[in-house]
Amino acid sequence: MKGIFNLFDFNQKVNYKTEILAGLTVAMALIPEAVAFALIAGLSPLTGLYAAFMMGFITSIFGGRPGMISGATGAVAVVIVALAKTHGVEYIFATVILAGVIQMLAGVLKLGKFIRLVPHPVMFGFVNGLAVIIFVSQLVQFKTTDATGALHWMTGDQLYLMLGLVALTILIIWGLPKLTKAVPSSLTAILVVSAIVIGFNVDTKTVGDIASIKGGFPPFHIPAVPFTFETLSIIFPYAAIVAGVGLIESLLTLNLLDEITETRGNGNRECLAQGSANLLSGLFSGMGGCAMIGQSLINVSSGARARLSGIVASVMFLVFIMFGSSLIEKVPMAALTGVMIMVSVGTFEWASFKMIGRMPRHDVFVGILVAGVTILLHNLALAVLTGVIISALVFAWENAKRIRAKKYVDEAGIKHYEIYGPLFFGSITAFNEKFDVPNDPNEIIIDFRESKVVDMSAIEAVSRLTERYKKAGKKLHLRHLSEDCKKLLKNAEDVIEVNIIEDPYYKVATDRAGFV
């Protein structure tokens, strides 16, 4: 409990200037994305803005690691868009509240630890695919709408101006750290480009051209939906997907920041924080969300390492909505586009290209597959789950080939089989092929000292082997089995030889015992 309530590490050395400036940078970069994701979901811009504030504020205080930024995200937007069209915004609020409850339940049950099962090739694919998505999503800023509302690529001076401002932004972000690190280069780039555009009255696309961000404090609002089982049946499938997608993205972002900062976050605490934030987001007219890897990388790359940056970002975000909308709406999209392009470049694991010839082929395949699914379907959760499943199958296949048996006959004429390698569902076929029941002598000993019976399939294989030897009229001894195995092999009680001193005490993954 102490770890839950110890929100701030006062022993941590905090650079307040860096934290505040990083928070301001993130707040500016959050605005166009929050608006865009709300429009993708078919909702008003304010629902995305309110969600960005509530998600960012709650998770910055209570989240699993400092420096991580949460807000309205595209992953959640694409899930709820269908519900928004069929049932309206009130059902969205109810869905987000239920998703928050599910996420909090995941935190209470400590399910966050299962993010450790995500292999490194999946992380490579996830990060690289996400970098490509971030880059490609910025290309829409190089398009303009005609009188009919259709999008067309910019041409002529308009295109050259946009390219020039984006290039200037990138140049400042790349070059300023080489001269000084006193201020975040991303914030400096936004301010310089904005000053040029406003000062010289340059005609270019601004935040205000996307949508107005003017609003008040998020209003408390209980969703106006019937509290019936029918309503629950409508919103539960969406809520479960939102909760799952949100947790996967958030925990993967947490893992990524752990690697970058060489610190360790708390996955279960992040589950609780994400759930609480979504619960409050739904009650305060927000569309919900999860961790934002792009904004988190901006924050960390600006030097932020404490919770203060996230708190400043969310509070300033609300200040912009309530009091500074007229100024923020003048910020050129070229500046924010340049920032996000540099984020995509920094996110991409360029070292993964060098590892293609060194890594196992199946790991390379998994990484490319995850990146491909991420890029083509924009479904990060599906991409990660696909990668994990394929990696698990490959792992099972590789371990299935490791089952071996050393065979010899002792002076007494007893044949010994010493089993090496794990015995589980994938290796039982190879295990059965090791034995020559018809030609074996009348007494056989199978020694599991160097093996481990892992699951119910393995126990069934051992049980059937004892039956085969029994039908052949031969005496079989099974040595060094765990207590679980011996209890479940009831039909072979008369052939089990127990070695009390050396028998292991591990448990088997069955419906009666958990694997440890």
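This is a predicted model: local features need pLDDT of at least 70, side-chain atom pairs count only at pLDDT 80 or more; totals for chains, interfaces and linings use all residues.
**View 1. Strands E5, E6, E7 and E8 form an open sheet.** The 4 strands follow the order E5-E6-E7-E8, with mixed pairing. At the edges lie strand E5 (404–409) and strand E8 (475–479), each of which pairs on one side only. On average, neighbouring strands of this sheet are turned by 15° against each other, direction ignored.

**View 2. E5 and E6 form a hairpin.** Here the two strands pair in the antiparallel sense, over 6 bridges. Follow Lys407 across to E6 and you reach its bridge partner, Tyr417. There are 5 residues between the strands, and in the turn Gly413 has a positive phi of about 85°.

**View 3. Strand E6 pairs with strand E7 in the parallel sense.** One place to look is His416, whose bridge partner in E7 is Ile445.

**View 4. Seen here is the largest cavity, with a volume of about 40 Å³.** Its lining consists of His120, Met123, Phe124, Val127, Leu256, Glu259 and Glu349. Helix H6 (120–137) and helix H10 (229–261) each supply at least two residues of this lining, and the largest share, 4 residues, comes from H6. Sorted by class, the lining has 4 nonpolar, 1 polar and 2 charged residues.

Technical notes. Residues are numbered from 1 along each chain as its sequence is written. Side-chain values use heavy atoms; hydrogens and water are left out. Two strands pair if DSSP finds at least two bridges between them. Axes are lines fitted to C-alpha atoms, for helices over the stretch in contact, and angles run from 0 to 180 degrees between N-to-C directions. On a 1 Å grid over the protein atoms alone, a cavity is a set of points where a 1.4 Å probe fits but cannot get out, and a pocket is an open set with protein on both sides within 12 Å along at least five of seven lines; lining residues have an atom within 4 Å of a point. Grid points are joined across faces, edges and corners, and a volume is the space filled by probe spheres set on the points. Ala, Val, Leu, Ile, Met, Phe, Trp, Tyr, Cys and Pro count as nonpolar, Asp, Glu, Lys and Arg as charged, and the others, Gly among them, as polar.
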